[in-house]
Structures are given as C-alpha cells and as structure tokens.
Amino acid sequence: MTAVAPASAVGTPSRRMADNPWLAFAVRRTGRLLVSLWVLVTASFLILHLIPGDPVRAALGPTAPAALVAARRASLGLDRPLWEQYVDYLRGVLTGDLGSSLGSSLPVSRIIGQRLPATLELALLAFVVVVALAVPIGAGMGVLTRGGRRRGGELAFSSASTVVGAVPDFVLGVGFVYVFSVTLGWLPVAGRTGPSSYVLPVLALAVGPAAALARIVRVEMLTALRSDHVRTARAKRLPAWQVNLGHALPHALTASITLGGLLLSALVAGTVLVENVFSWPGLGSTIVSSILEKDYPVVQGVVLVYGAGVLLVNLAVDVVLSLLDPRSVIRES
Amino acid sequence: MSELVFDDVTVRYGNARTGHTAVDGVRLVVPDGAVVGLVGESGSGKSTLAKAAVGLAPVTGGAVLLDGVPVPTRPGRRPVQMVFQDPYSSLDPRMTIGDSIAEAVPRGTPRAQRRADVLRLLELVDLDPARARAHPAQLSGGQRQRVAVARALAARPDVVIADEITSALDVSIQGTVLNLVRRLQRELGTSMLFISHNLAVVRYVASTIAVMREGRIVEQGPAEQVLGDPAHEYTRELLAAVPGAVR
Amino acid sequence: MTTMAPGVLVPVADRPAARGRWGSVLRTPVGIGAGVLLAAVLVLAVVAPVVWGAQAEAVDTDAILQGSSAAHLVGTDNLGRDLFARTMVATGLSVRLALTATVLTVVLGMLLGAAPLLLGRRAGRLVTAGIDIAVAFPGLLLALFFAIVFGVGATGAVLAIGVAGAPVFARLTSTLAAGVASRDYVLAARVAGVGRFRVLLRHVFPNIAEPLVVNATIGAGGALLAFAGLSFLGLGVQAPDYDWGRLLQDGLSGIYRHPEAALAPGLAIVVAGLAFNLFGEAVAKGIGLTSAAGVVRGRRAAGADRQPATERGPVAGQPVLDVEDLSVAFPGAGGPVRPVRGVTFSVGRGEAVGVVGESGSGKSLTALAVARLVEAPGEVTAARLDFRGTDLRTGGERAHRRLLGTGFAMVFQDPMTSLNPTRRIGHQLAEGARRHQGLSRAAGLARAVDRLRSVRVPEPERRARQYPHEFSGGMRQRAMIGMGLMGEPALIVADEPTTALDVTVQRSVLDLLAAIRRSDDVALLLISHDVAVVREVCDRVLVMYAGRIVEDLPADRLAAGRHPYTRALVATVPDMAVDLDAPLPVIPGRPVDPSAQPPGCAYAARCPLASDRCRAEDPPLAADASGSRVACWHADEVADGALAAAGAAREEVA
Ligand SMILES: Nc1ncnc2c1ncn2[C@@H]1O[C@H](COP(=O)(O)OP(=O)(O)OP(=O)(O)O)[C@@H](O)[C@H]1O
Ligand code: SF4
Ligand SMILES: [Mg+2]
C-alpha cells in the first residue's frame, strides 16, 4: 500500500481547495472587470480633452458668438480644474447622468435609451445566427475531413470560408441590398420596419463571423478527434455519434470559445458599419453622426455603452468557459 | 580547486500565501573533481535546485557558493554551466551547432581562438568538427545532447550541472551519452552535479549520491553506502521500486 | 550557404531551409494564386494613378450619374467623372494608407510585445496588463475611439488604425516571445552569460519572425478593410481625395439607379483584402503555423511487399489473441509507408506478453491495429486477427462493439490526456458499461465505484464524482485500468502504462496489473521501452525492430537472446548490477526510417555480424524446438564481439 499514501496526500488538499478556486476566480475576474471599466470610463472622459482644439468652438462653428461658446463651455464644466471635471464625470456615470447633447440638448442617456434596443436586437440575432450556422457546419466538416479524408471537401470548405470570411460586413450589406432589394425586390432596402427588414442587416453582420467561427470549430474538432481521450472513448467502443457529440464536440467548443468570444465582441463593433449601410436607427448610426457633428457628449456616452457591452461579452465568455472546463479556473491562477 | 556548495538554499515560488517551497533548506557539497548524483521523484525539487545554481530560479534563502563566493549570475563569464534534459529544445533550431557552442565561449576571446575552441570541443564530444555548420535538425538526439555538453564546456566551467540529460533519449542512445560523461569527467576532472530519477544511471556515473524528497535532501553519502545500506526509509522505498530489483 | 567560420552570425534569411519553405509555398496552387493577386494589387497601386489619373479627374457635365456604358465601364459620378478610372486610381491611396497603418501597428506592437522581456519583472507585468485590457476591445471600436481623438481625416485614420492594431500585435509578439524565451536554448544562452538584449536579437526574434511576418501580412488586409470602413462612415479620407470606402459611400446613395457605382469599389475592397489574407494564410500553412496539413495520400499499397516468412510457433489451446501477418500502412510522399510489417504472434489465456523495442519500432501501432483503433488514412491488413475465437477482420466496427467493449481493455501511456478532462471519473467509467451491458445510470455508477475500489483508489464514492485533474498521476492510471475492468476483460493491452509515472508509483501500478492477472486470469500485452519492466512482469517477450518481430523468447531468457539486437538492447541500458569499471556497450547508428527500409535485414547497418546475405535477404522469423522464434541469419553465431566497444564508434550518420 505504499503508493496509496502519496496519492491521497495529493488528493486531500485539492479537495480543501475545491471551493477556493472558484472564489478566487470570481474575485480575480470581478477585479479585472472593474479595472477595465475604470479604464473605459477614463478613456471616454479624456475624449473631450484629447481632441485637438476647443471642442465647443468646433461644435458650434467658427461663426458662433464668443459669449455663446463661453456659456457652453461653462455648462459643460470645461472651465473648471481637470480633476474636478473627472470626479464630476465619474459621479455622472455612476448615477446615469451622461450630460446632454450639444445639438439637440436632449439628455444623452435618453438618446441612448431610444437607440440601444435596435442595436441590441441586431447584435443578438446575428449572434444566434452565427452560432447556429458555425457550430454544425464546423463540427460536421471536422468529422468528415478528419485524418485527411475528403480532400476535395476540405479544399472547398476552406476556400469558401476564407473568401466569405474576408468580405467586410458593410460591403456584404451593400451586395445584399443590390441582390435582394434592388434586383429581386424581396426585402426592404433600409430602415427598421417589419420582420423582413431584419433579414439583411442580421445576415450581413453574421455571415463573416460565422465563416470564421466555422473554420475555428473545424480545426478544434480535428484536434479533439486526434486527442488521447477521444481515442480512449473509441477504445470503450462507444458508437461514433457518441464519441463525436459526447467527447469530441464539447472539447472542440470549449477550445473555440475564447476565439469565438473575440468574434462576438467584434460583432458588437460591426453593428456600427452595418447600421450605416441600412440606416438602422441604432447606436451605430448615432455615434457616426455625432462624431461628424462634433456632438461630443453623445460620442462619449455611446463609446461607454459599446465598451461596456464588449466587456460584458468577455465576462460572459470567461464564465461559460469556466463552467464547461473546470480546469480553466485553476489554470488561470 | 572549485567546490560548489549549496548552503541552506531555499527556493519559494509565488507569494507568501499561495506560494510553495520547491527547495527547502538544502545543504549539499559538490567537491572538486567529483560527480555527485542527485535522485528523487518528479516534483521533488531537483531541477529547481539546478536552476538555482545557475541563476534561473530565485534563491529566497541561503546561498549557492563557488569556492566560498556566491556564483555570479550576471551576463559575462559563468563558471557554473548546465546541460538540459531535452536536446530537441535546448539548441536553437536557427543556429548552426558551431554558433551555439561559440556563443558560450567567454566574451572577449579572439575570433580565431573561439573558432579553434569550437572545433576542439566537437572533437572532444566525438563529433566530426566538419559538422560545425550543421543545424540541429540534421542531428540525432544523442548527437544533439553531445553538442549541448560541448556548449556547456565551452564556457570553461568549474562545475557542470547535468539535469536528466539521458531521460529524453532513446534507450539505445543513452549509453553513448553516459559513456561520454564518464570519459570527460575522467579526462577533464570537472566537478559535476548529475541529476536523474533513474537510480541505475546515477549509480553508474556518480561517486556520491544525494536523495531528495519534497524539497529536502533526506540522505547523502558515498554511492555504495546509499545504495547498499540505505539509512532513510524513503531511499529504501525507491530502491525497492526499481523494476527487476529483488524485493 | 556561404562558408562561414563558427562563431559568425548567419543571418536567418540566409538559411536554405527557410528559403526553401517559403519557396515551396509559392509553388502550391493557392500560394501562386494569392501571390499573383497580391502582386497585381501592389503593382496597380503604383501604376493606376499614372495611367488613369487624368481620366479620373476629368469632369463631364454632360454625363452625370450615368450607368455603365461602353465609354464608362462602371458609369460616372455626380460630376460625370469616370468611376472605373476612379476605382483604379483609388487603389494607390487605399493600399498606401493601409500599409502605413500596418507599419505603425507592427512597430508599436513589437516594441510593446518585447517590453516584458527587456524590462524587469514588475514593469513587464504592467505592460502586459495594459495590453490585456486593450486587447479586450475589438479593433474597430479602438479605431473609432482613436479616430475621434486624432480627428476626422486621412492622417487621423492612419494613426487610429495603426494604434488600434497595436495591442493585438503586441499580444502576439509577447506570447510568441514568451514561448521562445522559456525554451531551453534561451535558458542555456542565459546560463552562458548572454545578455537580455542579445538573447532577444539572436534567439527570440529570429525564431518568431515567420509568424510575425505572416500576421503582419494578414494584418495589412485587415487595415485595408478598416480603412475602407472608416472612409465609408465619412471618418477617413475626405473629399476631394478618395479611396474605395469613400467611393462606396458615394455609390450607396444611388444604388437604385446605378448600382455599379457601389459594387465596383466594393469588389475592389474584397479583392484587395483577400489578396493580403490569402497570401498570409498560404504562407502560414506552408511553414506550418496552422494545424499541420495531413499526409499526402498516396496510391493504395500495391500488393503485398516482399515479406519474409514468419512461423507462428506452437499455439497451446485456444489463444485469447491470435495475430498473423499483421501490417499497417500509411500513405507517404513516395508511396505507402509500412511502419508495421508482417507481425505474427498470439497471447494465451492469462498469459503476459511484453513488447520491447526502440522508439518508432512499431510497438504502439501494433497494439492499436490489434485493437482495431487505427483510423484512416492508416490501413491494417492481416491474414488472421482473432480475439477469443472471433475474426475481427470481418464485419464492421459495429459488429464487434460489445465483444471488444467488454472483453478488451486498453491502457494508454499518459493518464492525464487519456481521460476526458471535462467529465467526472465515475461517468467516464460507467459510460461504456451502460452502453454494452445495458446498465442503468445508477447501476453503472455503482459498478464504477466498485471498480475504482478494486483498483485501490481510496474513497471511491467521493473520487467517482471528481474530475481527472483532481487525481494524482498514479491514481489516474489506476482509474484507466479500472475503466478496462468494467466488463469482464480477457485481455488488457497496456501501452507504456508506467512511463509517465515515478518509480514508486510505477511499482504500485505494475503490482496492480499483476494482481488483476492472477485473480481474474486476464491476459496482458504490455508494451514498454524499459526492458527491466517487461522482464519483471511478463512471461514472454516480443522484441520489435523496424516494424517486425525479430525475436520471441521467454522473459527470463532475455539476457541470453539469440538475436544481436536483443542482446544489444538489454546490454546498453544500465541496471543496478552493471559493471562500474567498463564502458556501457552501445548500438551505433540510428533506427531505420520506415519510409526507407533496406532490402535485407533492417538491422544490418548497425549489426556487427552483418554479412552480404543479411544485406540482400530479410531473414524469416523461424521457430526452434522450444517454441522461441528468432529472425536472424546468424542467430547462433552470436559471439562476444557482437557489441561495439564504447567510444570506438563515432557516429557519423547524418
Ligand atoms: N498516423 C500515422 N501516420 C503516419 N505514420 C505513423 C502514424 N502513426 C505512427 N506512424 C509511424 O509508425 C512508426 C511506428 O510508430 P509507433 O508509435 O508504433 O512506435 P513505438 O514503437 O510505439 O515508439 P515509442 O517507443 O516512441 O512509443 C513510426 O515511424 C511512426 O512515425
Ligand atoms: S540477419 Fe544479419 S544483419 Fe540481421 S541481425 Fe542477423 S546477423 Fe545481424
Ligand atoms: Mg509507443
């Protein structure tokens, strides 16, 4: 029984630690989120101060009377010391007060409240489409082309997915408009009207990331199918579907999640361009028009919202990963 | 005279709360011209001790002394050299083996001398000097490990530390490397710390053996004594576990 | 390569190997296509403004907003300027801006990425943390942010896109550099007294240059698209200048009347982006940065190779496993490669048979072939492959699932990777039994706990609910064995089951295997490179060399093997009784490559007894009266001189 002693010596402390890694993980992850949020808020605060020249003068134009400019500066608090403005800004962000638009004088939070739902719809629908397309296609291609089988199929898949994945979403959107709206007349050109108006923007946003994710899933599936533990599953003589779905796929998905998360946050950013193609009444068209109109309070607010969205997506990815793969919690420490 | 002394060496990794002690107050002497074998199981701290001697692991307590002074770990001449376990990763795939060896020749050596050194060292480890311009990929595992030995010797070391230098090699090649180690040691009289988990290999090269467990040296002494009449329970356990041993 | 004295730096670019690999990339169809496309885009960027410049600026108020015609291939804009010419001319600005931004990205990224290696630990960690936070934000968002800060316009956009790409490139550089910096050759250089900066220049950058170049190429494609995006939004290039993004934006408003105006620049963006992307990926694939491309499929193995006769030796009663003339072939670059060639052996009831040999001799492949676990493109052929009297060659995988699932246990070398890291141990054990023995979930788990107990895993109920990473190495391996015992195995095939374990743990696993064998009369096929392990555990030993069994003899007679290779193998590994005063005997040369088998005896190049006959004719595996088998023309001539004296043999085999 000599060997049992060291073995259990290794086992016991790992149980004592069993609840700790999760706690440590939660603390660490929350810490990182807070730091990132702070960086984000600070960056958005700095926008007003980093842009060359006087933002108010730029917004109101060279012909605006000096008194008006001074009044605007005062109302924005730009005449006060920097740190005071910073503290004010932080307080404002925490209480949901993001100032008001230079153009329309509407509160920024109200503008965001009106525009955000449209963008969220677009991003979430696109995400669902990405996953629904990429996972079955990628995993299926992985199984079919493992060990160098079906070279033709592999070549077709990888060239098609490279080409599709390389077409930027806004160009794809223009192409879709041309084919489905202008030529065929099946779907509306722009705007957010009925359900049919969602089809093109969602597809334009989803197709590229879906192709990229399908490639990732396929490669990870191939890796998983070659791995030792899948060989063990085959040695247990489980039927092929059980080996592929029960052992290889979860492994492949776990490995795809990190890269998939990056795609997902890129998808959030991609809404900016796609909304502009389709005149979608969301945050993306808002931020562009406010940049062009130099309406900086709105710009700051929208940057905050986009950044926070990305950070939340990253957090969700990490949490899902830790649930799927218990080792990742420990590995990270 | 060059004697390597581990004086109460402790190496801790990580911070105070979650860290762990890899090497725990080790006292070990590698006398001039002797080969000291260090055995122990994985995780016992053998490699960490080796790395501490060459400045690759942080010494958090005690000191590693060469002839009474701390071993220098700044760039420049390094009197303690190390040969690594895996010859497939210890040679830069982009460099010719001649360059790899030349890099270790102490700085300030004239170019002609450096070049002569490389050829001499290749000859010394039984490789054809004409192959100085070969890349590692063109060599077998055993040949690479001999290049690694030559590189260690190029620094004109007083002490060489060999960390599991045969365990990544195929069975048929281990013998050539072990023979080389014994011959060099006899010819050059270099002091050596020879680390291995394999008792039979250590028995073959070392005159003194130290047994390490959980960061501590539990037993050390002349090889015949440690292997023939082990004093510590753990040494007996190790000996009994050797396959083919009488139990 | 020019002749250079040792000690002189050889530039990386001068390496024939590297040049050859890049060259070979450009010879693949995809590589050629992408290369030509990229060259065309770059040439166009220079030439187009010269050729079409005047035409692109020519205002023609008579031809405003026209569709495509013979005079204007893709129509005209609102000033009647020719849009084909404008699209072509825009190549120059689009590519130039993208490349400028990429250079900025690469320089910034490499500086930031290398910083952790050059700065101290603390400062390095700070830089890394900064990069980590920045990387979390997608490039487009960062580009938007910087575009706001740097101001609307081409310069602002170059800065914005260049800076926005830096974090990702920095992360790539630092990951790659950290990977190289922890390699032993960098440690060795540091031990030799080489300074940090020199290490970076001599070891780190040369070894990460290829992936960096490839990623910069792909990154240039990304920058091009990002630029088009910013200009499309109106934040990039401003009138009167124009790039593709700008043209696309202008065209979009009139998409109903003349869609060509939007489609032409869109197409240009896609083609140029693809050129960079495809070229980068083709190179990446060629130099092995992505997942390795599979082996090239050759023609089917043409008939049976010349295979020397093998005798089966006496077979007592019905063996558990009976294998005759088993071969495994893989497609290779120059026709099929046969790492296992005509292996014949049997394993009796309760018998323990060991397989020894050097790395690559075909031990694992033989085991996998016997277990029917060799997957395509590997091809297994055999004259006989019977397990408990059932012919495994006939019928599909489905037919023998139950038989093999309950009666044939496999144990692999690395217990960490062989168990599924994301499933609980108990579930993994029960899975097979539930399928093959129809056990319920609860019954399966109960059996798993029982089996864990039988392989001496302490507290099996609790352990069954744990994940593999919560087990120690030895315990994982015992769990693997327990998995094999879920049914009623007649044979356990164990491939290096203790190689990854410490000696004391190895001892406990070997003892466990011996105990199982005794109590349940289970046969064992134990593969190991360690002669001592096999000698201790097994009744009989098969010695493999170059894919063949060269000797089959009782374990206790290993030291007195009749084959020169057996004797060399046993003598070259020191054991606890080896003579300390004599040098170790060595086997000169190296094992044969399975793709280049010599015509005669595969061992001839290393064998001290090799004669002309050996080099011409492969010896058959012949049985003697006692049932031992040996494949050697000079089996009984083996004398003392069989082993090369140590040190005498200088290996000059390249
Ligand atoms: N999937 C494969 N495709 C091509 N060749 C292969 C494949 N698997 C194994 N081989 C080749 O078959 C030969 C025998 O391999 P095998 O793994 O059986 O050796 P082994 O005796 O088990 O070696 P080791 O002691 O290193 O485990 C090797 O030359 C190997 O390169
Ligand atoms: S057949 Fe000849 S070459 Fe082969 S092992 Fe026997 S003696 Fe050596
Ligand atoms: Mg093997």
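**Conventions.** I worked on a prediction in which local features need pLDDT of at least 70 and side-chain atom pairs count only at pLDDT 80 or more, while totals for chains, interfaces and linings use all residues. I number residues from 1 along each chain as written, letter chains from A and number ligands from 1 in written order, and take side-chain values over heavy atoms, with hydrogens and water left out.

**Entry 1: chain C against chain A.** I counted contact (heavy atoms within 4.5 Å) and found 79 residues of chain C and 81 residues of chain A taking part. The size of an interface is often given as the accessible area lost when the parts come together. I therefore looked up the buried area, the accessible area (1.4 Å probe) that two parts lose on being put together, summed over both. For chain C and chain A this area is about 6,900 Å², and carbon and sulfur atoms give 70% of it.

I then searched for salt bridges (a side-chain nitrogen of Lys or Arg within 4 Å of a carboxyl oxygen of Asp or Glu); the rule finds three across this interface. Glu375(C) forms a salt bridge with Arg146(A), with 3.6 Å between the closest N and O atoms. Helix α10 of chain C (residues 260-286) supplies the largest share of the chain C side, ten residues; helices here are DSSP runs of H or I, at least four residues, numbered from the N terminus. I sorted the residues on that side into 45 nonpolar, 18 polar and 16 charged. In this sorting Ala, Val, Leu, Ile, Met, Phe, Trp, Tyr, Cys and Pro count as nonpolar, Asp, Glu, Lys and Arg as charged, and the others, Gly among them, as polar.

**Entry 2: chain C against chain B.** I found 67 residues of chain C in contact with 65 residues of chain B. The area buried between chain C and chain B is about 5,800 Å², with 54% from carbon and sulfur atoms. I noted two salt bridges between chain C and chain B. In Glu210(C) and Arg94(B), which form a salt bridge, the closest N and O atoms are 3.7 Å apart.

**Entry 3: ligand 2.** I listed 13 residues around ligand 2 (a heavy atom within 4 Å), of which Cys601(C), Cys607(C), Cys614(C), Cys632(C) and Trp633(C) come nearest. The shell divides into eleven nonpolar residues, two polar and no charged.

Note on methods
Helix = DSSP H or I, 4+ residues; strand = E, 2+ residues; numbered from the N terminus.
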